[in-house]
Amino acid sequence: MKFTVLSLFPEILRGFFESSIMAKAVERGLLSYELRDIRDFATDKHHKCDDLVFGGGAGLLMLPGPLGACLDAVGAKGKRVVYVTPGGRLLNQAYARELSREEELVIVCGRYEGIDQRVIDEYVTDEISIGDYVLSSGETAALVLVDSVYRLVDGVISGESLSEESFEGGLLEYPQYTRPAAYGTLRVPEVLVSGHHANIRSWRLKEAVRKTLALRPDLLADGVLTDEVRRILLEISAEGGCDGHHKED
Ligand code: ADE
């Protein structure tokens, strides 16, 4: 899969693509990337890329000329072109998974008040928001989007790691522990050092349900609940609700 990212500040993005798991995936040929500086496509001597908004209002808008020329240079027409904006469709795990099946994603980072609507109409297939808050730059949002997508591309991360994560199966991930088994006065739950795989699985599922109920009950309302999760919910409610007592387990 290829990520092509268009930005006025590509240096903000470069470190991410050159580090850690992403760098390894690029080295292994699973992913590639291209970072384009929109300012390279400005035609006046000051390399101007923004101007006032027609109709009035605070702030500046990115000019359609340089951005459109940059989109043409990367052959954006006919590709999946994402504009990251707080006014977009909310990103979630299912949406990230869908995008991870594309051969290429072209991502437009906005600055200032955003980009001219005509560029959206002409090139953009998806307007995506990473959350209900406003960032000062599209670059940080683009990195969140890229991070959520690239790790789902086949071969980048083991399938087992992915299937146990939060949101897979509609639940938040269960609590996890590493050595030492005793950390000050705090001990790892006994069941996790018992070696009893069925009990460990049941404990993890119950804790995942408990955590989801406490922090993200909306996921349980939206999701398709298995019979097992339904039974666990009844059990938790009989025990007195979601702020129950997993620490003593
Ligand atoms: N740009 C600024 N805020 C954003 C957000 N919440 N999501 C995506 N892009 C953004």
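How far is a nitrogen atom of the ligand from a polar backbone atom of Tyr133? In this predicted model, the separation is 2.7 Å. Two further pairs involve ligand nitrogen and protein backbone. At Ile130, a polar backbone atom sits 3.0 Å from a nitrogen atom of the ligand. At Thr85, the corresponding distance is 3.1 Å. Each of these pairs falls within the 3.5 Å cut-off for a polar contact. The protein covers much of the ligand's surface. Alone, the ligand would expose 260 Å². The protein buries 96% of that area.

Now look at the residues around the ligand. Val84, Thr85 and Pro86 belong to this shell. By class, 8 of the shell residues are nonpolar and 3 are polar. None is charged.

Which strands each supply at least two residues of this shell? They are β5, spanning 80-90, and β7, spanning 126-129. The largest share comes from β5, with 3 residues.

Step back to the whole chain.

Methods:
Residues are numbered from 1 along each chain as its sequence is written. This is a predicted model: local features need pLDDT of at least 70, side-chain atom pairs count only at pLDDT 80 or more; totals for chains, interfaces and linings use all residues. Side-chain values use heavy atoms; hydrogens and water are left out. A residue is near a molecule or strand if one of its heavy atoms lies within 4 Å of it. A polar contact is a pair of N or O atoms within 3.5 Å; within protein, one must be able to donate a hydrogen and the other to accept it, and residues adjacent in sequence count only if both atoms are side-chain atoms. Accessible areas come from the Shrake-Rupley method with a 1.4 Å probe; for residues, only the protein chains shown count as cover. Helices (H or I, at least four residues) and strands (E, at least two) are DSSP runs, numbered from the N terminus. Ala, Val, Leu, Ile, Met, Phe, Trp, Tyr, Cys and Pro count as nonpolar, Asp, Glu, Lys and Arg as charged, and the others, Gly among them, as polar.
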